[in-house]
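This briefing goes through a few packing arrangements in the structure shown below, taking helix contacts before the sheet.

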Amino acid sequence: MEGAAERLSAQASGPLRGGLRPPGDKSISHRALIFGLLSVGVTQIEGLLEGEDVLNTAKACRALGARVERLGPGRWRVEGCGVGSLLAPSQTLDFGNSGTGMRLMMGVVGGHDLTARFDGDASLRKRPMRRILDPLELMGARTLSQAEGGRCPIELKGAAEPLPIEYRSPVASAQVKSAVLLAGLNSPGRTVVIEPEASRDHTEKMLRYFGADVAVEPFGAEGRKITLEGRPELRPKPIVVPGDPSSAAFALVAGLIAPGSEIVIEAMMMNPLRVGLLTTLLEMGADVEILDRREEGGEEVADLRVRASALHGVDVPAGRAPSMIDEYPVLTVAAAFARGTTRMRGLAELRVKESDRLEAVAAGLRACGLEPRIEGDDLIVEGRAGDVRGGGLVKTHLDHRIAMSFLVLGLAAREGVAIDDSRMIATSFPTFRGEMERLGARFS
Ligand code: S3P
């Protein structure tokens with residue numbers, strides 16, 4: 001991100017009213033481009049998220065040999081080269097702020113006979129990449145250079161013939177799982193990934209949709225075992241990207257906490273591995289009606305009618321974390337407005353996101369007059385039953401979700417909220433400000 005930080009404030013706003021269609025899902029958008037690259041022929045994409053993270057993945061696909069064109073808003077065309085036929089990129093692949101783009105693409109490169117350099121912004125340079133490099137090295141890839149602690153910039157030499165492995169991932173991470181599966185595409189044998197808890201399954205679904213042979217079985221109490229047959233012939237298919245529940249989350253919580261609000265969130269993806277926030281908010285007493293469940297682009301979507309609600313605190317089990325991992329910052333905002341205590345358990349992974357979200361959220365809440373506590377990997381918020389002071393200047397640490405979460409808090413807090421930098425919002429939800437203003441949110 002170049003240039004100077006851009007402060008933004010949210011003021012206590014009147015009731016929010018109207019409809020909002022969330023932008024295309026970020027996880028699926030990255031994968032749509034990557035699968036376009038890995039299949040021979042033309043993949044047409046509708047509803048692609050045109051945020052900076054995804055645009056960086058599009059650039060990386062071009063650098064690896066795909067022809068990637070924008071045909072119109074959200075409409076993209078990718079002419080891919082196919083597994084085994086990628087080009088060595090002549091320049092560093094720069095993923096900006098995006099851990100997903102970088103980690104998935106490391107999987108792609110790790111399974112090919114080529115060398116690529118990976119880099120990103122100050123936030124991405126702090127994030128751990130050994131979790132990806134370790135399994136890729138087991139498959140035969142070599143890390144030629146890396147910054148301290150396995151961080152980028154990283155130079156990776158992929159394996160010409162990746163070894164088929166059975167990998168037991170120590171973390172429930174869709175990025176780790178996806179990197180191994182993507183590398184396994186070019187392996188002559190079977191690649192198996194075992195995850196300790198089920199994480200989002202968009203890669204498995206898209207692999208199948210493009211013609212690969214993938215088996216998914218339960219493993220232990222909450223885990224899954226995914227088996228991919230190597231060297232499938234991926235056939236391009238049209239992709240319609242459903243609305244991102246992680247972006248819809250901001251309007252959803254804003255509608256619940258801004259008094260008198262009634263809004264409709266249209267066509268939000270309801271994939272069971274992505275709707276942990278909705279489950280939790282319903283437990284907290286949220287007035288959300290789920291309307292018109294239907295299928296779009298291979299995923300279930302629904303409209304949500306959201307009315308301002310008197311929320312109460314709940315205990316959020318650790319096992320729910322993978323299905324709402326990116327939504328904890330905005331959940332803490334709902335918890336701040338609830339009556340009673342919300343305890344969110346098992347949040348270790350929040351420490352390695354775009355920022356240390358556990359610390360960033362706690363500091364932001366303190367700046368707004370709350371007294372959150374961190375106990376081990378748990379976060380505890382004592383709610384203020386609708387009466388939150390706000391008034392703080394919140395540090396966002398180059399983290400889009402911290403930025404949007406605290407702007408949402410400001411819409412219902414007595415003294416509003418200012419954030420130190422709003423530029424990162426463009427990574428995942430470039431239309432956030434305009435869409436929220438259309439509902440009645442006040443920013444300046
Ligand atoms: C993502 C997986 C999650 C999530 C990220 C997107 C993906 O990360 O936080 O925003 O698209 O696979 P982890 O897999 O590391 O939990």
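**Helix packing and an open sheet**

In this predicted model, the axes of H3 and H5 come within 6 Å and cross at roughly 25°. An angle under 35 degrees counts as roughly parallel, and H3 and H5 are therefore roughly parallel to each other.

**The contact of H3 with H5**

- H3 passes H5 in a right-handed crossing, with Gly99, Thr100, Arg103, Leu104, Gly107, Val108 and Gly110 contributed by H3 and Gln175, Ser178, Ala179, Leu182 and Ala183 by H5.
- By residue class, the contact of H3 with H5 comprises five nonpolar residues, six polar and one charged.

**Helix H4 and its surroundings**

- Within helix H4, which spans residues 130–138, the buried residues are Arg131, Ile132, Leu133, Pro135 and Leu136.
- These buried residues of H4 pack against helix H3 (99–110) and helix H5 (174–184), and also against the strands E8 (142–147), E9 (151–157) and E10 (166–168).
- After H4 comes glycine 140, which has a positive phi, near 110°.

**The four-stranded sheet**

- An open sheet with mixed pairing is formed by four strands in the order E18-E19-E21-E20, and its edge strands, E18 (315–316) and E20 (373–375), each pair on one side only.
- Strands E19 (residues 341–344) and E21 (residues 378–382) run antiparallel and are joined by four bridges, with methionine 344 standing opposite leucine 379 in E21.
- Helix H9 (residues 328–337) lies across E18, E19 and E21, and runs at about 165° to E19.

Notes. Residues numbered from 1 in each chain as written. Predicted model: local features only at pLDDT ≥ 70, side-chain atom pairs only at ≥ 80, totals over all residues. Heavy atoms only, no water. Pairing = 2+ DSSP bridges. Helix = DSSP H or I, 4+ residues; strand = E, 2+ residues; numbered from the N terminus. Contact = heavy atoms within 4.5 Å. Axes fitted to C-alpha atoms, helices over the stretch in contact; angles between N-to-C directions. Buried < 20%, exposed > 50% of the residue type's maximum accessible area, 1.4 Å probe, protein only. Parallel < 35°, antiparallel > 145°, perpendicular 65-115°, else oblique. Left-handed = near helix turned anticlockwise from the far one by under 90°. Nonpolar A, V, L, I, M, F, W, Y, C, P; charged D, E, K, R; others polar.
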